[in-house]
Amino acid sequence: AYILVRAAGFATVPGADGAFRMAGVPPGSFRLRAWHETLGIREASFTVTAGRPTVISLHYGAPSD
């Protein structure tokens with residue numbers, strides 16, 4: 001089992017294709033942190049603009065990436 005404890009913020013689990021959606025994120029600048037049990041952590045900074053979709057791409061390759 002994996003457990004994530006967050007004091008604040010958003011969390012989600014991606015689908016089989018790796019895509020995810022998070023509704024209700026307010027406008028502003030944020031940092032996304034993705035974790036994979038084998039491949040580790042990837043991070044990306046992004047900005048949410050009201051009324052516009054935000055697309056973030058993170059790449060997981062081999063564990064040594």
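Trainee: On a 1 Å grid over the protein atoms alone, a pocket is an open set of points where a 1.4 Å probe fits, with protein on both sides within 12 Å along at least five of seven lines, so how much space lies in the largest pocket here?

Mentor: About 1600 Å³ lies in the largest pocket, where the volume is the space filled by probe spheres set on the points, joined across faces, edges and corners. This is a predicted model, in which local features need pLDDT of at least 70 and side-chain atom pairs count only at pLDDT 80 or more, while totals for chains, interfaces and linings use all residues. Residues are numbered from 1 along each chain as its sequence is written, and side-chain values use heavy atoms, with hydrogens and water left out.

Trainee: OK, which residues are closest to the centre of that pocket?

Mentor: Thr12, Phe20, Met22, Leu32 and Arg33 are the closest to the centre, out of 34 residues in the lining, a lining residue being one with an atom within 4 Å of a point.

Trainee: And which elements give two or more residues to the lining?

Mentor: Strand E1 (28-36) and strand E2 (40-48) do, and E1 gives the most, with 7 residues; strands here are DSSP runs of E, at least two residues long, and helices are runs of H or I with at least four, numbered from the N terminus.

Trainee: Which residues in E2 are bridge partners of Leu32 and Ala34?

Mentor: Leu32 has Ala44 as its partner in E2, and Ala34 has Arg42.

Trainee: Why does Phe46 count as buried?

Mentor: Phe46, in strand E2, is buried because its relative accessible area is 18%, with buried meaning under 20%, exposed over 50% and partly exposed in between (1.4 Å probe, protein chains only). Across the 65 residues of the chain, 9% count as buried.

Trainee: What does Phe46 touch, leaving out residues up to four places away in sequence?

Mentor: Phe46 touches Gly28, Ser29, Phe30, Arg31, Leu32, Thr54 and Ile56, a contact meaning heavy atoms within 4.5 Å. Phe46 and Ser29 are 17 residues apart in sequence, yet their C-alpha atoms are 5.8 Å apart.

Trainee: What about Gly51, buried or exposed?

Mentor: Gly51, in the segment after E2, counts as exposed because its relative accessibility is 85%. Gly51 lies 24 residues from Pro27 in sequence and 9.0 Å from it in space, C-alpha to C-alpha.

Trainee: And where is Val13?

Mentor: Val13 is placed in the segment before E1, and with a relative accessible area of 71% it is exposed. Val13 and Ala34 are 21 residues apart in sequence, with 9.6 Å between their C-alpha atoms.

Definitions and conventions: Two strands pair if DSSP finds at least two bridges between them.
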